[in-house]
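Please keep the sequence and the structure in view as you read.

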2 protein chains.
Amino acid sequence: MRPDHDPPPERPDGCCNPGMQPRISGELAQALSADLAILGHPIRLQILDMLAQRAGHVCVCDLEAALPVKQPTISHHLKLLREAGLIGVERQGLWAYYFVRSEALESLRERLLQHLSLLR
Amino acid sequence: MRPDHDPPPERPDGCCNPGMQPRISGELAQALSADLAILGHPIRLQILDMLAQRAGHVCVCDLEAALPVKQPTISHHLKLLREAGLIGVERQGLWAYYFVRSEALESLRERLLQHLSLLR
DNA sequence: TTACTATATTGACATTCTTCAATATATCCC
DNA sequence: GGGATATATTGAAGAATGTCAATATAGTAA
């Protein structure tokens, strides 16, 4: 979104590491923080937890009954998780059964694990 | 009464698992999402990455030179990371040298990995 | 058809987050 | 002391996010 190549400016004496760069590029940082941000909400964490408990058998009314927000808010977070590819839905008549897409969650976990160990 | 292991994947007639609860409590979800949120910003990730590269020798001017935001914004994110306990600072004269608090970052990493594996 | 139900969407509002110019603070050097 | 420099803080503005009442949609059942 913004050019990021300032040639190393002259640095006075003893301070500073001129030309130092992050190993994590701007784009990678964006992607990683998006991964972290989609998980970074208590209701979404609890939704994922409930879906993981009973894969394929959780309807919206279960979530609504167990969580301290109203139904439109549940639907909103479900949509975000679905757009992030972390969950899927199968409609059966009136009900919508949500499930964790384990392979997506697993690869997200791998990515986080890998990059967070960089920060050690 | 804590049914950690509800074996019946059968639903009672039509929909819904009455009385279903998340394993992750509201408080734990808050704490976890705070952990995730402090990492969920590209600039903060890049700051942590740069600090991890040269522990103890990164001043604000290095960060300012390498990252696409202005100095007050850098200071703002440094403050958030410091308040989260993830980094520390040692002032030397005019300069402020920031460093990763590895043990805090490590325990955060452990917590995240542990709880994320719940969601599998 | 009509009534009912589960979920999705809309629209509005409030809150939080991000950013930066301006300014303050602290330190060094002369 | 004054001037220069590195970083911190303030304050304001816009952007993003979270929430819910109202409404829409789509299915069931009589």
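Predicted model: local features only at pLDDT ≥ 70, side-chain atom pairs only at ≥ 80, totals over all residues.

## Surfaces around the DNA

The surface near DNA strand C is made up of 13 nonpolar, 7 polar and 2 charged residues. In this grouping Ala, Val, Leu, Ile, Met, Phe, Trp, Tyr, Cys and Pro count as nonpolar, Asp, Glu, Lys and Arg as charged, and the others, Gly among them, as polar.

Residues are numbered from 1 along each chain as its sequence is written, and chains are lettered from A and ligands numbered from 1 in the order in which they are written.

At least two residues each reach the strand D surface from α4 of chain A and from α3, α4 and β3 of chain B. Helices (H or I, at least four residues) and strands (E, at least two) are DSSP runs, numbered from the N terminus.

| Surface | Element giving the most | Residues from that element |
|---|---|---|
| near DNA strand C | α4(A) | 6 residues |
| near DNA strand D | α4(B) | 5 residues |

## Where the chains meet

The contact between the chains takes 48 residues from chain A and 47 residues from chain B. Residues are in contact if their C-beta atoms, placed from the backbone, lie within 7 Å. On the chain B side, 28 residues are nonpolar, 11 polar and 8 charged.

## Core and sheet

The largest nonpolar core has 57 residues, and I47(A), L51(A), I47(B), L48(B) and L51(B) touch the most other members. Such a core is a set of buried Ala, Val, Leu, Ile, Met, Phe, Trp, Tyr and Cys residues joined through C-beta atoms within 7 Å, where buried means that 20 or more other C-beta atoms lie within 10 Å of a residue's own.

In chain B, an open sheet of 3 strands runs in the order β1-β3-β2 with antiparallel pairing. β1 (58-59) and β2 (87-92) are at its edges with a single partner strand each, so one side of each has no neighbour in the sheet. Strands pair if DSSP finds at least two bridges between them, and 2 bridges join β1(B) to β3(B). C59(B) has Y97(B) in β3(B) as its bridge partner.

Technical notes: Contact = placed C-beta atoms within 7 Å. Buried ≥ 20, exposed ≤ 12 C-beta atoms within 10 Å, placed from the backbone.
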